[in-house]
Amino acid sequence: MNRSYAKDIATGLASLLTGMKVTMTTMLTKGHTVEWPREAAQVPLMFRGHIQLVANKDNGFAKCIACGACARACPSNCIEVKGAKPEGAKKKSPTFFMLDFTTCSLCGLCVESCPVVAITFSRDYALAGFELQPFAGMDLLKDVASPFVEERNDI
Amino acid sequence: MFDSQTAATYNLETVGDQENDFILNLGPQHPGTHGVLRVVLHMDGEYILSADPVLGYGHRMQEKIAETLTYTQVLPYMARMDYLSALSYNQAWVCLVEKMCGYEVPRRAEYIRVLTTELNRISSHFLWFGAFLLDLGAFTPFLHAFEDREKILDLLETLTGSRLTYCFFRFGGVGADVDSVFLKGAQDFVDHMRSHLASYHDLVTGNVIFQERTRDVGVILPFDTWGYGLTGPVLRGSGEKYDVRLREPYSIYPELDFEIPVEQTGDCLARYLVRLQEIEESLNIIEQTIAGMPEGPIRSKVPKIIKPPEGEATMSVETPRGELMIYAVSDGSKIPYRVKYRVPSFANLSIFSKMAKGQLLADALAVLGSLDLVIPEVDR
């Protein structure tokens, strides 16, 4: 056996052992995974889930004034807003607020464009399903009270 | 150097022997191509006679889409081109529009931009590190790299709200302010990586099998680098000290103290070493921005509807893959008249067919991995 061949084997073995040492030490450390759904991962404060409407504290109605700024700001046209003035009110209120979550890219331009801070991100991260419809037509008004109860029942 | 290698690896007696030649499709769905890239290989046994990349499987008309949206609405699309370094793309676009309109950016915002972009650069290099070694047949480094990458993603998620396709920078500033928790997390990460990077070298760089697989494989000569328009670590691996952060400084890079790593040999190993050194340099930059983070506002006042004056502008930034240049023409309306992206991956892919010629198939995959391609960026 020639000498450089033996040297190659020795260096190869040494490099292998150094690498194995890293692997073995890592094996003894704690795991890094979170076993969802048995344990829940921590959702950060800034988490961007799908958007949701903010309710007024005093009457529970949506803060939204149905100006449509969010729908215009959206790069993928996934928001549709219709509004009307309830009797005796000064500002408009939404009668229809539909989000097409299948095309939403969660960029947050709608949240930024809102003049009355009526839209926030939800912190719902477990969004998976077998059907398209619950995501293609997300009725955001169903989580807040509305002055248009009768009209809402028709939808 | 390349041609002598070709001659050595070719089996000259069977070249052109039609009986033994065959066509092999690598991709469009192949783990080695990291996306929907298809390479038509003309093979002679294990050796490649010619390699032709076929593009367009993930083409989304990004440039045309930009002509139909307002300047603000284009911003979320930036992250979809190079999903591994979304913040570099964010930066290129906001800097371009700021250049066109002449908006001021507060100092604190500039620092936050550089801090987050460099974190993003490290996370991109980690993913490349894992994927490249996966191509070479090593599975463990991938898990090591992803463990550290996860730390960056968690950190950036607390600030930007997303893990991969960030839409964080705004015209005239950034979307959210950093707090002491984030800065401490970033500093902890830097300290952790300084000590932990040694284990990367122990595990991979010193490994004999890895060195045999990458040394003198896929050599790019300095002459070719300019001809093919290569940029980024691929260029710096061939001995050219070209980095946009150095040559056309933007943001606060001229004030920071960092090196541009360069290797001379131009093979896969050189590109690997350049990227690992870049991780260290990015750690230096992050530490400097944390230490020097000034107080103040994070956003300057910018009109709601952005209408840049008539004219054109270009902006170049250094992404983890190389030089990204965006060129935009404004006709004075709120929608860009024309947007052109000069992406690094596309140029870097163009030399692949030359490098693959005469290589073994397994070596060609190592070469493809060392170029660090992001296919949605190539196709866009």
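## The hairpin of chain B

B:Met43 sits across from B:Ile48 of strand β3(B). The model is predicted, with local features needing pLDDT of at least 70 and side-chain atom pairs counting only at pLDDT 80 or more, while totals for chains, interfaces and linings use all residues. Residues are numbered from 1 along each chain as its sequence is written, chains are lettered from A and ligands numbered from 1 in the order in which they are written, and side-chain values use heavy atoms, leaving out hydrogens and water.

Strands β2 (residues 38-44) and β3 (residues 47-54) of chain B run antiparallel and are joined by seven bridges. Strands here are DSSP runs of E with at least two residues, helices are runs of H or I with at least four, and both are numbered from the N terminus; two strands pair if DSSP finds at least two bridges between them. β2(B) and β3(B) make a hairpin with two residues between them, and B:Gly45 in the turn has a positive phi of about 65°.

## The sheet and domains of chain A

Now to chain A. Its open sheet has three strands in the order β2-β3-β5, paired antiparallel. Because β2 (79-84) and β5 (138-139) of chain A are the edge strands, each with a single partner, one side of each has no neighbour in the sheet. Strand β3 (residues 93-99) of chain A meets β5(A) through two antiparallel bridges, and A:Leu99 has A:Met138 of β5(A) as its bridge partner.

Chain A is divided into domain 1 (1-32) and domain 2 (51-154), with bounds from an automatic or database domain assignment. The C-alpha centres of these two domains of chain A are 59 Å apart.

## Where the chains meet

How many residues of chain A are in contact with chain B? There are 22, and they touch 27 residues of chain B, contact meaning heavy atoms within 4.5 Å. Together the chains A and B bury about 2000 Å², 57% of it on carbon and sulfur atoms; buried area is the accessible area (1.4 Å probe) that two parts lose on being put together, summed over both. On the chain A side, A:Met46, A:Arg48 and A:Glu112 lose the most area to chain B, together 25% of what that side buries.

Two salt bridges cross the interface of chains A and B, where the rule asks for a side-chain nitrogen of Lys or Arg within 4 Å of a carboxyl oxygen of Asp or Glu. B:Arg299 and A:Glu112 are joined by a salt bridge of their side chains (3.5 Å, N to O).
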